[in-house]
Amino acid sequence: MSGFRDRTAIAGVGYTPFSANSGVSTLSLAVDAVLAALDDAGLTVDDVDALATHRVGDSTPPWVVAPALGVPEVTWYLDQFGGGSVSHAVLGQAAMAVASGVARTVVCYRAINARSEFRMGGTGRGPAPVFDAQYQAPYGHLAPPQQFAMAARAHMNAYGTTAEQLGAIAVTQRGNAVKNPRARKRDPITLDDYLASRWIAEPLRLLDCCLETDGACAVVITSADRAHDLRHDPVLISGAAWGGGDTFLSGAGSGPAGTDLTVTEAARLAPRLYAAAGVGPDDIDVAELYDCFTYSVLVQLEDYGFCAKGEGGPFAASGAIGPGGTLPVNTHGGFLSEGYVHGINHVAEAVAQLRGTAGDRQVAGACVALSTAQPGYVLAGTSALILRSDR
Amino acid sequence: MSLSERPRPEPDRDSAPWWEAVRRHELIVQRCDGCAALRFPARSVCNRCRSRNWTWVPASGTGRVYSWIITHQVFLKGLADEVPFLVLLVRLDDGDDLLMYGGLVGAGADVLRPGLPVEAVFTDVPGEDGTTLVQWKPRDLVS
Ligand SMILES: [Zn+2]
């Protein structure tokens with residue numbers, strides 16, 4: 001099932017600055033990121049015929065951004081409801097739109113004031129409706145750190161996963177961020193710093209949590225053929241997969257993974273993704289794994305097949321995920337240290353790695369990258385891309 | 001009392017009978033009329049046999065601790081004087097895929113371990129008209 005393998009490409013990426021208070025609207029952030037991505041691709045607004053985003057009532061939709069930019073004619077758009085779990089589904093669908101001929105140049109963006117306006121989990125403005133919420137919120141259990149802490153504890157209970165193993169992820173990613181001028185946190189940390197950081201929701205500490213960030217990021221998707229005529233070497237979208245169906249409680253009765261917090265939707269998606277791209281875990285040179293919390297990296301190391309179920313902790317602590325390891329992970333520092341822009345900045349970093357333009361943090365010879373969305377906690381489903389350099 | 005500052009239960013059309021039972025200090029689950037599978041949370045269709053018919057039946061009220069967290073961060077101002085507080089996730093003895101959340105009463109976090117037997121108890125939220133929550137008590141402490 002090769003689908004649209006290698007028929008589309010990412011031709012440009014653009015950012016706004018990442019901060020704790022952008023001082024501007026999400027419309028403004030979106031416009032800036034879209035224009036920056038077009039500029040990077042050597043394209044203009046007149047070349048755009050499609051826009052795509054996702055949001056949970058916290059951002060500006062394509063049907064506002066397109067007229068704000070003066071896009072001549074929108075032939076396709078996507079305004080998907082959802083948080084991090086759909087972040088890569090947006091790009092997959094954009095690639096599908098291009099491969100089908102419905103759209104020629106799609107700009108995907110995500111623009112949020114996740115620190116100064118809308119804080120995830122409804123602790124700022126009102127929460128998004130989630131099936132499980134009515135059984136959790138009355139106990140004061142509603143914020144993402146709490147939900148992921150519950151899963152992390154279940155993993156510890158089942159497999160003996162330790163704080164030091166989660167800490168290895170935080171320390172490794174901070175080390176990567178030191179080499180990333182865009183990162184919000186660039187001071188190195190040690191495992192002792194990690195262990196001394198305050199509890200947020202046990203077993204998660206402050207340094208297990210990502211940086212709520214104001215900012216935007218965008219990528220341009222067009223056909224592989226056309227991308228060859230543009231400014232940069234194309235980064236091909238080799239595989240895309242999205243899907244799912246269960247939230248934790250709604251999964252009750254649907255099968256063994258339905259109420260097992262230690263298995264995510266990524267375990268079901270991964271075989272489809274690898275088949276779509278025609279590669280396997282051993283072919284991945286660099287992995288940008290959704291890291292709202294350290295634990296989500298750990299569980300994805302298992303569910304994307306880089307190690308056995310239950311071995312995510314030892315794998316993370318082995319050095320394998322660091323620079324020079326067998327699977328460099330979150331080379332930009334991830335949401336933990338670069339900033340949380342909800343998924344798309346992982347794709348942008350993967351593009352830099354595959355273009356060979358990642359500077360001090362470049363993974364030598366990186367040809368195939370995995371970039372993933374929230375693996376399926378809280379809201380149903382997940383999504384991911386496999387990208388390939390075409391140099 | 002900050003318990004009254006917590007988010008209120010927001011029942012939907014499927015779960016309203018469950019919340020009403022909790023107010024009466026009863027723990028119930030759905031039993032599918034088609035395949036007899038027990039079901040929680042409340043939904044209007046069985047995801048095994050797809051029957052649209054069900055009967056509410058009493059649950060045993062006992063279960064085992066699956067996971068837990070201790071929240072230190074004040075995510076809601078109304079909970080500022082409650083932190084740190086515990087939330088448990090309990091797997092009911094009635095079925096492996098029946099799970100419920102709740103606080104821990106009658107003991108501290110030091111007793112917690114995976115598989116700890118617990119029993120449902122009910123807490124009427126002070127000052128709130130008809131708001132009752134399910135909580136969990138280690139079973140050997142239930143009198
Ligand atoms: Zn049934």
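Reader: Is A:Arg55 buried or exposed in this predicted model?

Author: Happy to start there, with a model that is predicted. The cut-off for buried is a relative accessible area under 20%. A:Arg55 has a value of 17%, so A:Arg55 counts as buried.

Reader: Which residue forms a salt bridge with A:Arg55?

Author: Side chains of opposite charge can pair when their charged atoms come close. Here the closest N and O atoms are 2.7 Å apart. The partner of A:Arg55 in this salt bridge is A:Asp79.

Reader: How many residues apart are A:Asp79 and A:Arg55, and where do they lie?

Author: A:Asp79 belongs to strand S3 (residues 76–81) of chain A, and A:Arg55 to strand S2 (residues 50–55) of chain A. Relative accessible area is 24% for A:Asp79, so A:Asp79 is partly exposed. The pair links distant parts of the chain, and the separation is 24 residues.

Reader: What parts does the salt bridge of A:Arg115 and A:Glu212 tie together, and how many residues apart are they in sequence?

Author: The two side chains meet at 3.3 Å, N to O. A:Arg115 lies in the loop between strand S4 (106–113) and helix H4 (133–136) of chain A, while A:Glu212 lies in the loop between strand S6 (204–205) and strand S7 (214–223) of chain A, so the pair ties together parts whose separation in sequence is 97 residues.

Reader: Which is buried and which is partly exposed, A:Asp303 or A:Lys309?

Author: Their side chains meet in a salt bridge at 2.8 Å, N to O. A:Asp303 has a relative accessible area of 6%, so A:Asp303 is buried. At 30% relative accessibility, the partly exposed residue is A:Lys309.

Reader: Which residues are linked in a network of salt bridges?

Author: A search of the whole structure, over all chains, finds 14 salt bridges. The residues linked in a network are A:Arg182, A:Glu338, A:Glu349 and A:Arg361.

Reader: With which side chain does the side chain of A:Ser371 make a polar contact?

Author: Good one to look at in the viewer. A:Ser371 sits in strand S10 (residues 368–372) of chain A, and A:Ser371 is buried, with a relative accessible area of 0%. The side chain of A:Ser371 also reaches the backbone nitrogen of A:Val347 at 3.5 Å. At 2.7 Å, the side chain in polar contact with that of A:Ser371 is A:His88.

Reader: How many Å² do chain B and chain A bury between them?

Author: The size of an interface is often given as the accessible area lost when the parts come together. In this model, 42 residues of chain B are in contact with 35 residues of chain A. Of the area buried, 60% is on carbon and sulfur atoms, and the value is about 3,300 Å².

Reader: What is the count of residue pairs in polar contact between chain B and chain A?

Author: Salt bridges between chain B and chain A number zero. For residue pairs in polar contact, both at pLDDT 80 or more, the count is 17.

Reader: Which element gives the largest share of the side of chain B that touches chain A?

Author: The elements giving two or more residues to that side include helix H1 (16–23) and strand S4 (62–71) of chain B. Two bridges join strand S5 (residues 199–202) of chain A to S4(B), and these strands run antiparallel. In S4(B), B:Thr71 is the bridge partner of A:Ala201. With six residues, the largest share comes from S4(B).

Terms used: Residues numbered from 1 in each chain as written. Chains lettered and ligands numbered in written order. Predicted model: local features only at pLDDT ≥ 70, side-chain atom pairs only at ≥ 80, totals over all residues. Heavy atoms only, no water. Helix = DSSP H or I, 4+ residues; strand = E, 2+ residues; numbered from the N terminus. Buried < 20%, exposed > 50% of the residue type's maximum accessible area, 1.4 Å probe, protein only. Polar contact = N/O pair within 3.5 Å; in protein donor to acceptor, adjacent residues only side chain to side chain. Salt bridge = Lys/Arg side-chain N within 4 Å of Asp/Glu carboxyl O. Contact = heavy atoms within 4.5 Å. Buried area = accessible area lost by both parts, 1.4 Å probe. Pairing = 2+ DSSP bridges.
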